[in-house]
Amino acid sequence: MLLQLFAEFLAIGALFLPVGHRRRRAWAFLVLLLTLAAAVAFSTGSGAVLSADAEYEWLSFQSLRAFFYITSDPEIVKATQYVLAAMLVLMLLNLLNPREEYALAADNIVLLLGCAFIFLASAQDFMQLMTASCCYSIFGFALINNTDAKNKFIFYAFASEMAIFAALAVVYAKTGSIALADLPEFARRGWHKDLTALLILFGVLSKCGMFLFQNQFMALRNLSINRLLTGAWLAAPLSGLVLYNKLHVVCEASAYSLPILRVLAVLAIGWAAVGLVRHCQFQAKLLYLAAMAFAVALLWLALYPDAIYEQVVKWLPSAVFLEAVAWALWMRRCSGIAEPTAVEPRDNMSAIYETLFVEPLRFVGRVLWLAVDFVVIERSLLGTMSTLVRLVVSGLQKIQSASWPAFGLLAAVALGMLIYNIGGFVYG
Amino acid sequence: MVSPVFLLPLIVALPLFGALFVLTARDTGVVRGRNAFNVCIFTVISNVILLWRVFMVLNEKDRNLQLLQKFDWLSTPDINLVFGVDTFSLLLILALHLAILIGLVGVRANTERQMPLMVFALLFLSMSTGLFVAADIFSFYIFFEAMLLPLFMILGMFGGVKRQGMLQRFFLYNFIGALLLFVATMLIYYQFGSISLEEVRRTAFAGRSGVYIWTAVGLSFISRIPIWPFHYWISSINSAIRNPLAFIIMSFMPLTALYGFTRFLPDGFWDMGSFYIGIINIVGVITMLFIALIGFINRETQYKIFAYATVYNIMYLLGIFTGDDLIVYNIGYALFGFMIIISALEVLSAYIKQRELEADTSARGFLCRARRLSAVYSFMIIAAVGFPVSAVFVNNFLILARLLGTNVKIGALLVCTLVIAGMTLLQELFRLKADNNTCRLGKSDDISRSMFGFMLFVAFILLMSFVKPLWFVVG
C-alpha cells in the first residue's frame, strides 16, 4: 500500500511539473484533489494494487549490498495516514494563502516530503536511511524561500547529515554490515560508543531545532505561513524524530547521551515556553509551539525506550490544523490586510557560533596561508631553489669564460681527475 | 558498426583527427572560432558515442583489462603500444569527455584564442584517453608524459599575468616526475621486460631495486597530486587560470596520478608498506585540512573550487591506499560524478565572473534574480558537498568507514575537512544568494534556455550515477 502511495505522490508531482506559470492556483487545486483521492483510497484500502513489500537492489557488490525498500508494516502504514492528513491541511493552506506565489511548487514539495517520510520510515539499512534523511534536507532547502532562513537551514542540515553519516560509517567499519537490524550487536560490543552516540545526538537535535540548535528553526518565522508550518511540522524536525527512533539503540549504549538528551529537551521546552510568552511576533509563537512539541516528543522517546515515533505522529494533523486555524483567526483580528513584517530580534546564537567556530577557522586559515604557503614554500623552498639555480648557472658561466683564472681552475680540475684515475688504475 | 577490436585505438585517434580538422578550419572574419568550436564539439560527442559502444561490449563484472590490442613499435628494445580497458578506466574516459564537453559549453562565447584552445583540448583528450587505455608500462609512460605538452601550451595561453612563474614550476615538477617515472620504467623493463600493467600489480619487487622502483613511481605520481609539499605549484596554477575549459583540463592532472596508483601499486603493498601508508594518511589529512581552511578564507571562487577538488583528490588517494577492492572500484564511479561536478561548477562560476566583469559590479545577490542559474548552481553545490544526488555519496561513506575503522582520529579529521570544504562552497552559494540591492545584475543576465537545458541534462546524469552508476549500459 505504501509503495502505491509513494508512486502516486511521485506521479502527481511529475504530472504537474511541465505546467507553466499561468493558472497556478487552479493547478494547485487539482493537485490537492488528486492527493485527496489518493489519501481516501489509501485509508479505505480501495484500489490497492501494490500492497506487498517492495525491494530494489541498489548496490550489489560482493561485500556490500544495499536495497531500497518500501515496507507494508501496519504501524508505519498507520503513521503515514497521520502524515497524509497533515499534508492535506498544508496543501489547502498553500492554496488559500494569498501570499503564496508558487502554490503548485509548494504542493510538490509537500508531496516530496510525504515520499521522504515513507522512504525514511521504511529504511532497513544505512544507505536508505541516510538518503532519506538527506532528502529531507534537500526538500527543506527547496521549501524555504527566504535567503537568511535558507542559509541557516542548509548549514545546520549539512552539519547534522555529516554527523549521522560519520556515526554510521563508524558502525559499518566495525560491524561490516549496513543493516539497521545489526545495531544492537554494535551497541552490545561498545565500539566507540560515546563518539557514535554523540554524533547521532548532534544530528537529531540539530534536525529537531532543539536548544543550542534553534537558530535555523526560528529563522523560519520569516516565511509565509504555509511554508512556515510545512517547515516546522513536516520537514526536518519530523525526520529527526524518526531518525532518533531508528538509531536510539546506539545512543543508549553511551552513558552520556540520554542524560544530555533529557537535559537539552527540558531546556528546549523551557526556552520555547519563555519564547512563547515573551515573543510578540505571531509566527515566532507558532514556531515555539512546534519546537516545544518536538522537544516533548523527543523527551518521551528518551524516557521510554520502547516508545515508537508512530505513536507520536498521531498529533501531527491536529497540531498543523490548530496552528493554521489560530493563524487565520489572528489574521482576521488584524483585519487580514497583510502578514506583519517580522521584527528581527538580536541573533545571539549566530554571534556565538561566529565567534566560537567561524572566526577561529578563518584565523587559522589565514595564518596557514600566509605562513606556510607564502613564507615556507614560496619564499623559502622555491626562493632557495631559484637562488641555487642562479648561483650554479653564474658559476658555470664564469668557469667557461675566456679568462686565465677560469682556465687555471678547469686545468686544475682536469689534472686532479687524471691523477685520481691513474692512481686508481695503478693501486687497483 | 565498428568492430570492437578497433574501438580503443579509434577513441584515442579520433580527437587527434579532430585536432587536425580544427587546424584546417577557417578562423578569421565573421566565424571567429565558431568552426573550430563546432568541430571540437562534434569530435567529443562522436567519441562519447564510441565510448558507449565500448561499454556495451565490455563485461562490467570482469576486473581484468579487456579488448586488448597490441601495436608493434620497436623490436629492439621490445616496446609496443598495448591498449586495454576495464570499467574503471572507461568511466574515467567518459568523465573526461563529459567534463570537456561541459567546459566547451562554458567557452562557447569566447573569441580569444579559440582555435588553439580547441586544438590543444583535443590533443589533451587524445593523450589522456591513451593514458587510460594503456595496458603496459611503456604505453602508460608515453601517454603519461605526452599529455603534458598540450597542458603546457594551454597554461602558456591562459595562465594569466603570472604565467611565466607558473610555467617554470610546471616544468620543474613535471620534469622531475617524468625523470623518476622513466627510471622506474627502465628498472622494471630490465628486470621483467615490457610487462602489462596487470602484471606490474602482481609482481613482487623484492630487495633494494623494489624500494627504488616504488619510491620513484610513488614520487612521480604524488608530485601531480596537491599533497604537501607539492600542493603549492598546482594551487598557484589552478587559481590563476582564467578560462573554464583550461581549468577543467588542469584539474585532470591529479586524476592521472590517482589512476597511476591504482594501476601500479602491487597487490601486497598494503601489508609491506603499512608504515608508508600511515605517513601518507597523516600528511594527506593534514594537507586536506590545510587547503580546506585556506579555501574557507579565500575570496576567490576559483580557489574555493580548487580547495574542494584537492580535498576530494586526496581523499581518493587515501581510499586507494586502503587497498580495499570495493573502495577502489567505487572510486571509479565517484570520480565520474566528481569530475562532472567540478566542471559544471567551474563553468557556472566562470559565467558569473564574466557577468561581474562586464557589469563592473559584485555578483553578491545575483542568484536572487537569476532563477535558472540559481537552480543549477544550487544543485551542483548540493551534489558537491556530498548529498545523495551523485555517485560521490556512496564512495565518501565507504572511504570514511574504512579510515574511521583503521584510525578513528584520522577519520575524524577527514570528517572535519569534508565539513569545512562543504561549508566553503555553501558560503559561496549564499554570497551569491544574499539580498543585495546594489547588485546591478538582473534577470536578463541569467543563463540562456539552451544552457539551462544542458545543465539540467548534466544534473540528470549525476542523479542517475547515484541511482545506478552504469545505467546507460543496456542488457
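Tutor: Before we read any helix pair, note that axes are lines fitted to C-alpha atoms, for helices over the stretch in contact, and that angles run from 0 to 180 degrees between N-to-C directions. This is a predicted model, in which local features need pLDDT of at least 70 and side-chain atom pairs count only at pLDDT 80 or more, while totals for chains, interfaces and linings use all residues. Residues are numbered from 1 along each chain as its sequence is written, and chains are lettered from A and ligands numbered from 1 in the order in which they are written.

Student: At what angle do the axes of helix H1 and helix H4 of chain A cross?

Tutor: Helices here are DSSP runs of H or I with at least four residues, and strands are runs of E with at least two, numbered from the N terminus. The axes of H1(A), residues 2-15, and H4(A), residues 103-122, come within 9 Å and cross at roughly 155 degrees. Angles under 35 degrees count as roughly parallel, over 145 as roughly antiparallel, 65 to 115 as roughly perpendicular and the rest as oblique, and H1(A) and H4(A) are therefore roughly antiparallel to each other.

Student: Which residues make the contact of H1(A) with H4(A)?

Tutor: Two residues are in contact if their C-beta atoms, placed from the backbone, lie within 7 Å. Among those making the contact are A:Phe6 and A:Phe9 of H1(A), and A:Leu111 and A:Cys115 of H4(A).

Student: How many residues of chain A are in contact with chain B?

Tutor: By that criterion, 36 residues of chain A are in contact with 32 residues of chain B. On the chain A side, helices H5 (126-143), H6 (147-175) and H16 (348-400) each supply at least two residues, and the largest share, 14 residues, comes from H6(A).

Student: How should I read a positive phi?

Tutor: Most residues other than glycine have a negative phi. A:Leu212, although not a glycine, has a positive phi of about 85 degrees, and it is found in the loop between H8 (193-208) and H9 (214-218) of chain A. In chain B, phi of B:Asp360 is near 50 degrees, again a positive value, and this residue sits in the loop between H15 (325-359) and H16 (366-369) of chain B.

Student: Is B:Asp360 buried or exposed?

Tutor: A residue is buried if 20 or more other C-beta atoms lie within 10 Å of its own, exposed if 12 or fewer, and partly exposed in between. B:Asp360 is exposed, because 7 other C-beta atoms lie within 10 Å, whereas A:Leu212, with 16 C-beta neighbours inside 10 Å, counts as partly exposed.
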